[in-house]
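Here is a short report on charged side chains that pair up. Look at the sequence and the fold first, then read on.

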Amino acid sequence: MEFIKQYITQTISAAANSLRLSTHQIEIVALLKDAIIKSGDLGNDLIKMKKITELSTLAIKLNEIYNFLTHNTIDFFKVSDQFKDHSRNLIKDLNHLLDTTTPLSFKNALEKLNPIAEEEAKPAANHEIKIDLSKRKVDDEIFIKPETEKIKEKIILDDENDNEELFIQNFETNILRPIKPLDQMLKNLSNADFDYEEISSFIKIMSDNGRLSKKIGFEIISDMHETIAQTLTFIKNRKLMPGKEIIEGLRACLIVIVAVVKGKEVDITNYLNRADELQQKISKIK
């Protein structure tokens with residue numbers, strides 16, 4: 001199944017490479033690939049996608065690729081040509097999807113894949129809730145806040161939220177500030193000229209910035225930060241050697257962050273692909 005998911009996501013990447021994408025469209029492509037990679041039952045999800053208006057035409061083509069991979073013997077001597085055909089056949093429908101959706105509407109469409117979970121999350125409007133109040137002790141104690149409530153209020157009203165508010169107000173500046181110093185550290189890293197304290201500092205910065213980016217809805221920016229933080233953690237713990245491919249993957253993540261934050265109207269699909277390759281490598285490290 002891992003091979004099938006990678007094959008399909010790479011056909012999507014190849015098709016996207018043929019299109020000149022805006023930053024919003026790049027985000028939709030990333031969300032689509034992420035949904036396929038994380039699917040617990042890809043065959044069933046593709047069938048569901050065909051019933052969702054926004055996804056239907058592209059899902060039909062993706063389902064054809066899925067059926068080809070699952071019901072045929074793969075001839076690896078011809079797989080390259082078959083891959084090219086599959087990716088070419090996606091271009092028209094992928095372009096239609098990108099022209100007719102926004103990142104928000106696409107996320108909403110993906111949520112329809114799991115209606116049961118959504119239904120369970122809703123309040124049970126038709127179910128009567130019965131509470132026995134006959135034994136309730138009515139005295140001043142009910143007005144005393146339990147310790148847990150005090151802790152919750154401290155978290156809500158704490159200065160940390162003020163810091164987060166300032167971060168959001170100056171989002172672009174805060175996200176871009178560590179990029180050049182980190183890029184320089186990566187150059188030093190490739191020459192084995194670095195210290196572990198510096199790596200630890202960047203791990204914290206990228207983790208924090210990724211968390212806050214996710215909190216305000218910037219999925220791609222958050223993913224890139226998380227990938228950098230995880231990769232640097234593995235390098236620091238000596239679970240991953242900082243070879244040329246790893247450094248290029250990390251720099252690709254940085255380029256994606258800058259392009260998306262600044263809204264650069266350039267094709268960064270190749271950098272997204274390198275970032276994807278890095279994510280796949282680190283996902284295999286335990």
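Asp183, Lys187 and Arg251 are linked in a network of salt bridges. A salt bridge here is a side-chain nitrogen of Lys or Arg within 4 Å of a carboxyl oxygen of Asp or Glu. By this rule there are nine salt bridges.

This is a predicted model, where local features need pLDDT of at least 70, side-chain atom pairs count only at pLDDT 80 or more, and totals for chains, interfaces and linings use all residues. Residues are numbered from 1 along each chain as its sequence is written, and side-chain values use heavy atoms, with hydrogens and water left out.

Three of the pairs are listed here.

| Salt bridge | N to O distance |
|---|---|
| Asp34 and Lys38 | 3.2 Å |
| Glu54 and Lys112 | 3.8 Å |
| Asp93 and Lys61 | 2.7 Å |

Take the pair Glu54 and Lys112. Glu54 sits in the loop between helix H3 (42-49) and helix H4 (56-71), and Lys112 in the loop between helix H6 (103-111) and helix H7 (115-121). They are 58 residues apart. Helices are DSSP runs (H or I, at least four residues), numbered from the N terminus.

The pair Asp93 and Lys61 also links distant parts of the chain, 32 residues apart. Asp93 is in helix H5 (residues 79-100), Lys61 in helix H4. Asp93 is buried, at 11% relative accessibility. Lys61 is partly exposed, at 25%. Buried means under 20% relative accessible area, exposed over 50%, partly exposed in between (1.4 Å probe, protein chains only).

Asp34 and Lys38 are four residues apart in helix H2 (residues 23-38), so about one helical turn separates them. Asp34 is partly exposed at 28%, and Lys38 is exposed at 63%.

Technical notes:
Helices (H or I, at least four residues) and strands (E, at least two) are DSSP runs, numbered from the N terminus.
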